[in-house]
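Please walk me through this protein model. Begin with its charged pairs, then move to the packing inside.

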Amino acid sequence: IVASPSTSSCPPHHSKKSKRMKVPTPKPKLLQDLLILKATLQQYHPLVIEGHTKDIRNPSIVASRIVQNLQTRWNSQKMTKPVLLISQGDPLKERGISAITRNVGVELGIKRFLVCLDEDIFPPHTKNADRHDVIYETKYSLMVDMIRNHHDETFIHNIEEAVDEELYLKNKRSMEQNQQPLADWYRDFALLQEVTKTAVKIAAGEFTLAHTVDDMEEFSVTSFYSVGVGLGLYEKDDILPYF
(Lines give C-alpha, C1' and ligand atoms only; values in the text may rest on other atoms or scores of the structure.)
Protein backbone atom coordinates (compact mmCIF):
# COMPACT_ATOMS: atom_id res chain seq x y z
CA ILE A 1 0.00 0.00 0.00
CA VAL A 2 1.41 3.38 -0.97
CA ALA A 3 0.75 6.10 1.64
CA SER A 4 -0.86 9.32 0.45
CA PRO A 5 0.86 12.66 1.17
CA SER A 6 -1.59 13.33 3.98
CA THR A 7 -0.74 10.12 5.89
CA SER A 8 2.93 9.72 5.06
CA SER A 9 5.46 10.76 7.71
CA CYS A 10 7.97 11.84 5.03
CA PRO A 11 7.67 14.53 2.35
CA PRO A 12 6.67 13.10 -1.05
CA HIS A 13 9.99 13.96 -2.71
CA HIS A 14 11.87 11.98 -0.02
CA SER A 15 9.80 8.85 -0.57
CA LYS A 16 10.36 9.05 -4.33
CA LYS A 17 14.10 9.30 -3.76
CA SER A 18 14.13 6.23 -1.53
CA LYS A 19 12.38 4.19 -4.23
CA ARG A 20 15.17 5.00 -6.65
CA MET A 21 17.96 3.94 -4.27
CA LYS A 22 19.82 0.78 -5.28
CA VAL A 23 22.14 -1.36 -3.23
CA PRO A 24 25.60 -1.05 -4.81
CA THR A 25 27.12 -4.25 -6.16
CA PRO A 26 30.18 -5.14 -4.08
CA LYS A 27 33.45 -5.18 -6.00
CA PRO A 28 35.28 -8.50 -6.34
CA LYS A 29 38.25 -9.06 -4.04
CA LEU A 30 41.38 -8.70 -6.20
CA LEU A 31 43.82 -11.49 -5.33
CA GLN A 32 47.41 -10.43 -6.04
CA ASP A 33 49.33 -12.67 -3.64
CA LEU A 34 50.10 -16.25 -4.66
CA LEU A 35 49.67 -17.75 -1.18
CA ILE A 36 46.31 -16.02 -0.68
CA LEU A 37 45.20 -17.13 -4.15
CA LYS A 38 46.06 -20.75 -3.42
CA ALA A 39 44.51 -20.68 0.06
CA THR A 40 41.31 -19.24 -1.41
CA LEU A 41 40.97 -21.82 -4.18
CA GLN A 42 41.73 -24.67 -1.76
CA GLN A 43 38.41 -24.05 -0.04
CA TYR A 44 36.36 -24.79 -3.17
CA HIS A 45 35.60 -27.25 -5.93
CA PRO A 46 36.28 -25.12 -9.04
CA LEU A 47 33.83 -25.41 -11.94
CA VAL A 48 34.90 -24.27 -15.41
CA ILE A 49 32.32 -23.89 -18.20
CA GLU A 50 33.70 -23.80 -21.74
CA GLY A 51 31.94 -23.43 -25.06
CA HIS A 52 31.47 -21.21 -28.08
CA THR A 53 30.90 -17.45 -28.07
CA LYS A 54 28.68 -17.70 -31.18
CA ASP A 55 26.35 -20.34 -29.73
CA ILE A 56 22.84 -19.28 -30.83
CA ARG A 57 20.88 -21.70 -28.61
CA ASN A 58 18.72 -20.52 -25.70
CA PRO A 59 21.32 -20.12 -22.90
CA SER A 60 18.78 -20.91 -20.17
CA ILE A 61 17.89 -24.29 -21.71
CA VAL A 62 21.56 -25.19 -22.25
CA ALA A 63 22.45 -24.13 -18.71
CA SER A 64 19.64 -26.19 -17.17
CA ARG A 65 20.85 -29.28 -18.99
CA ILE A 66 24.41 -28.71 -17.79
CA VAL A 67 23.23 -28.15 -14.21
CA GLN A 68 21.23 -31.38 -14.25
CA ASN A 69 24.26 -33.33 -15.47
CA LEU A 70 26.54 -31.64 -12.93
CA GLN A 71 24.25 -32.42 -10.02
CA THR A 72 24.02 -36.07 -11.05
CA ARG A 73 27.81 -36.34 -11.22
CA TRP A 74 28.48 -34.47 -7.99
CA ASN A 75 25.88 -36.49 -6.07
CA SER A 76 27.63 -39.69 -7.13
CA GLN A 77 31.02 -38.23 -6.13
CA LYS A 78 29.68 -37.14 -2.70
CA MET A 79 31.45 -33.81 -3.00
CA THR A 80 32.05 -31.93 0.26
CA LYS A 81 33.47 -28.59 -0.89
CA PRO A 82 31.33 -25.66 -2.05
CA VAL A 83 31.47 -24.99 -5.79
CA LEU A 84 33.14 -21.87 -7.20
CA LEU A 85 32.44 -20.99 -10.84
CA ILE A 86 35.62 -19.98 -12.69
CA SER A 87 35.08 -17.33 -15.39
CA GLN A 88 37.65 -16.36 -18.02
CA GLY A 89 36.62 -12.81 -18.85
CA ASP A 90 33.99 -13.28 -21.53
CA PRO A 91 31.89 -10.10 -21.94
CA LEU A 92 28.19 -10.66 -21.31
CA LYS A 93 26.09 -11.23 -24.42
CA GLU A 94 22.51 -12.33 -24.95
CA ARG A 95 23.62 -15.77 -26.12
CA GLY A 96 26.83 -17.81 -26.16
CA ILE A 97 29.23 -18.94 -23.47
CA SER A 98 28.97 -15.86 -21.25
CA ALA A 99 25.17 -16.09 -21.05
CA ILE A 100 25.30 -19.85 -20.45
CA THR A 101 27.91 -19.42 -17.71
CA ARG A 102 25.87 -16.75 -15.94
CA ASN A 103 22.75 -18.95 -16.10
CA VAL A 104 24.62 -21.96 -14.69
CA GLY A 105 25.86 -19.84 -11.79
CA VAL A 106 22.40 -18.46 -11.03
CA GLU A 107 20.72 -21.86 -11.25
CA LEU A 108 23.29 -23.47 -8.95
CA GLY A 109 23.26 -20.45 -6.63
CA ILE A 110 27.05 -20.17 -6.61
CA LYS A 111 29.56 -17.31 -6.75
CA ARG A 112 32.21 -16.73 -9.38
CA PHE A 113 35.98 -16.33 -9.62
CA LEU A 114 37.25 -14.22 -12.53
CA VAL A 115 40.59 -14.68 -14.30
CA CYS A 116 41.55 -12.01 -16.86
CA LEU A 117 44.49 -11.56 -19.17
CA ASP A 118 46.98 -8.95 -18.01
CA GLU A 119 46.70 -5.51 -19.60
CA ASP A 120 50.02 -5.91 -21.43
CA ILE A 121 48.65 -9.02 -23.18
CA PHE A 122 45.11 -7.92 -24.09
CA PRO A 123 44.14 -4.48 -22.67
CA PRO A 124 40.31 -4.60 -23.05
CA HIS A 125 39.88 -8.02 -21.44
CA THR A 126 39.59 -6.85 -17.82
CA LYS A 127 37.37 -3.89 -18.68
CA ASN A 128 34.81 -5.89 -20.67
CA ALA A 129 34.53 -8.95 -18.42
CA ASP A 130 31.17 -9.94 -16.96
CA ARG A 131 31.39 -9.55 -13.16
CA HIS A 132 27.94 -10.73 -12.16
CA ASP A 133 28.24 -12.60 -8.83
CA VAL A 134 32.06 -12.43 -9.02
CA ILE A 135 33.59 -12.39 -5.51
CA TYR A 136 37.25 -12.98 -6.41
CA GLU A 137 39.36 -11.75 -9.30
CA THR A 138 42.95 -12.34 -10.38
CA LYS A 139 45.27 -12.05 -13.37
CA TYR A 140 46.54 -14.65 -15.81
CA SER A 141 50.14 -13.97 -14.74
CA LEU A 142 49.41 -15.05 -11.17
CA MET A 143 47.92 -18.31 -12.43
CA VAL A 144 51.15 -18.83 -14.38
CA ASP A 145 53.08 -18.22 -11.14
CA MET A 146 50.92 -20.87 -9.44
CA ILE A 147 52.09 -23.43 -11.99
CA ARG A 148 55.72 -22.28 -11.80
CA ASN A 149 55.63 -22.56 -8.02
CA HIS A 150 54.25 -26.11 -8.21
CA HIS A 151 56.37 -27.32 -11.12
CA ASP A 152 58.99 -25.16 -12.88
CA GLU A 153 59.53 -22.87 -15.85
CA THR A 154 59.89 -25.87 -18.18
CA PHE A 155 56.32 -26.90 -17.42
CA ILE A 156 54.96 -23.52 -18.57
CA HIS A 157 57.18 -23.69 -21.64
CA ASN A 158 55.70 -27.11 -22.49
CA ILE A 159 52.16 -25.71 -22.34
CA GLU A 160 53.09 -22.76 -24.57
CA GLU A 161 54.87 -25.04 -27.02
CA ALA A 162 51.90 -27.42 -27.21
CA VAL A 163 49.47 -24.54 -27.81
CA ASP A 164 51.75 -23.18 -30.55
CA GLU A 165 51.92 -26.61 -32.19
CA GLU A 166 48.13 -27.00 -32.09
CA LEU A 167 47.71 -23.49 -33.48
CA TYR A 168 50.09 -24.33 -36.33
CA LEU A 169 48.13 -27.51 -37.17
CA LYS A 170 44.79 -25.69 -37.05
CA ASN A 171 46.08 -22.96 -39.36
CA LYS A 172 47.41 -25.60 -41.74
CA ARG A 173 44.01 -27.33 -41.87
CA SER A 174 42.29 -23.97 -42.24
CA MET A 175 44.38 -23.04 -45.28
CA GLU A 176 43.80 -26.48 -46.79
CA GLN A 177 40.09 -25.65 -46.61
CA ASN A 178 40.71 -22.25 -48.28
CA GLN A 179 39.95 -20.39 -45.05
CA GLN A 180 41.79 -17.57 -43.32
CA PRO A 181 44.33 -18.43 -40.60
CA LEU A 182 43.17 -18.02 -37.01
CA ALA A 183 43.53 -14.57 -35.45
CA ASP A 184 46.63 -13.81 -33.37
CA TRP A 185 44.59 -13.58 -30.16
CA TYR A 186 43.74 -17.29 -30.33
CA ARG A 187 47.08 -18.08 -28.70
CA ASP A 188 46.47 -15.74 -25.75
CA PHE A 189 43.02 -17.11 -25.02
CA ALA A 190 44.02 -20.75 -25.52
CA LEU A 191 46.82 -20.22 -22.99
CA LEU A 192 44.43 -18.46 -20.60
CA GLN A 193 42.09 -21.41 -20.87
CA GLU A 194 44.67 -24.15 -20.28
CA VAL A 195 46.71 -22.29 -17.67
CA THR A 196 43.59 -21.43 -15.66
CA LYS A 197 42.39 -25.05 -15.51
CA THR A 198 45.85 -26.31 -14.63
CA ALA A 199 46.30 -23.75 -11.86
CA VAL A 200 42.90 -24.28 -10.22
CA LYS A 201 43.47 -28.04 -10.14
CA ILE A 202 46.89 -27.53 -8.56
CA ALA A 203 45.40 -25.27 -5.89
CA ALA A 204 42.18 -27.15 -5.15
CA GLY A 205 43.32 -30.67 -5.99
CA GLU A 206 40.12 -31.15 -8.00
CA PHE A 207 37.87 -29.42 -10.50
CA THR A 208 35.14 -30.02 -13.07
CA LEU A 209 35.28 -28.89 -16.69
CA ALA A 210 31.81 -28.80 -18.26
CA HIS A 211 31.46 -28.37 -21.99
CA THR A 212 28.42 -26.63 -23.50
CA VAL A 213 28.46 -28.58 -26.78
CA ASP A 214 28.78 -32.23 -27.74
CA ASP A 215 30.27 -31.47 -31.15
CA MET A 216 33.30 -29.22 -30.67
CA GLU A 217 34.10 -26.72 -33.41
CA GLU A 218 37.48 -27.59 -34.88
CA PHE A 219 38.70 -23.99 -34.99
CA SER A 220 37.34 -22.79 -31.62
CA VAL A 221 39.42 -21.73 -28.62
CA THR A 222 37.55 -24.36 -26.58
CA SER A 223 38.93 -27.11 -28.82
CA PHE A 224 42.38 -26.40 -27.37
CA TYR A 225 41.33 -28.43 -24.32
CA SER A 226 42.89 -31.32 -26.23
CA VAL A 227 46.25 -29.72 -25.34
CA GLY A 228 45.49 -29.96 -21.63
CA VAL A 229 44.39 -33.57 -21.90
CA GLY A 230 47.35 -34.47 -24.10
CA LEU A 231 49.86 -33.00 -21.64
CA GLY A 232 48.13 -34.59 -18.66
CA LEU A 233 47.34 -31.19 -17.12
CA TYR A 234 44.02 -32.70 -16.09
CA GLU A 235 42.24 -36.02 -16.63
CA LYS A 236 39.41 -36.97 -18.94
CA ASP A 237 37.46 -37.85 -15.77
CA ASP A 238 37.59 -34.13 -14.87
CA ILE A 239 35.56 -33.35 -17.99
CA LEU A 240 31.77 -33.48 -18.09
CA PRO A 241 30.68 -33.77 -21.73
CA TYR A 242 27.49 -32.10 -22.89
CA PHE A 243 24.73 -34.67 -23.38
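With which residue does Arg 57 form a salt bridge, and how far apart are the closest N and O atoms? The partner of Arg 57 is Asp 55, and the closest N and O atoms are 2.5 Å apart. A salt bridge here is a side-chain nitrogen of Lys or Arg within 4 Å of a carboxyl oxygen of Asp or Glu. Arg 57 counts as partly exposed because its relative accessibility is 28%. Asp 55 has 8%, so Asp 55 counts as buried. The cut-offs are under 20% relative accessible area for buried, over 50% for exposed, and partly exposed in between (1.4 Å probe, protein chains only).

A word on the model. It is predicted: local features need pLDDT of at least 70, side-chain atom pairs count only at pLDDT 80 or more, and totals for chains, interfaces and linings use all residues. Residues are numbered from 1 along each chain as its sequence is written, and side-chain values use heavy atoms, with hydrogens and water left out.

The protein has 9 helices and 7 strands. These are DSSP runs, numbered from the N terminus: helices are H or I with at least four residues, strands are E with at least two. Of the 243 residues, 44% count as buried. The accessible surface comes to about 13,600 Å², and 52% of that belongs to carbon and sulfur atoms. Areas come from the Shrake-Rupley method with a 1.4 Å probe; for residues, only the protein chains shown count as cover.

Back to the charges. The structure holds 15 salt bridges. One joins the side chains of Asp 130 and Arg 102, at 2.8 Å from N to O. This pair links distant parts of the chain, 28 residues apart: Asp 130 lies in the loop between helix H5 (124–128) and strand S5 (134–139), and Arg 102 in helix H4 (residues 97–108). Asp 130 is buried at 7% relative accessible area. Arg 102 is partly exposed at 24%.

Another salt bridge stays inside one helix. Arg 148 and Asp 145 meet at 3.1 Å, N to O. They are 3 residues apart in helix H6, so about one helical turn separates them. Arg 148 is partly exposed at 33% relative accessibility, and Asp 145 is partly exposed at 30%. Elsewhere, salt bridges that share partners join Glu 166, Lys 170, Arg 173 and Glu 218 into one network.

The largest nonpolar core has 42 residues. Such a core is a set of buried Ala, Val, Leu, Ile, Met, Phe, Trp, Tyr and Cys residues joined through side-chain atoms within 4.5 Å. Leu 37, Leu 41, Ile 86 and Phe 113 have the most contacts inside this core. Two or more residues each come from helix H2 (34–42), strand S3 (83–87), strand S4 (112–116), helix H6 (140–150), helix H7 (153–176) and H8. H8 gives the most, with 10 residues. A second, separate core of 17 residues includes Val 67, Val 83, Ile 110 and Leu 240.

Take Ile 86. Leaving aside neighbours within four places in sequence, its contacts (heavy atoms within 4.5 Å) include Leu 41, Phe 113, Thr 196 and Val 200.

Just after H8, Gly 205 takes a positive phi of about 80°.
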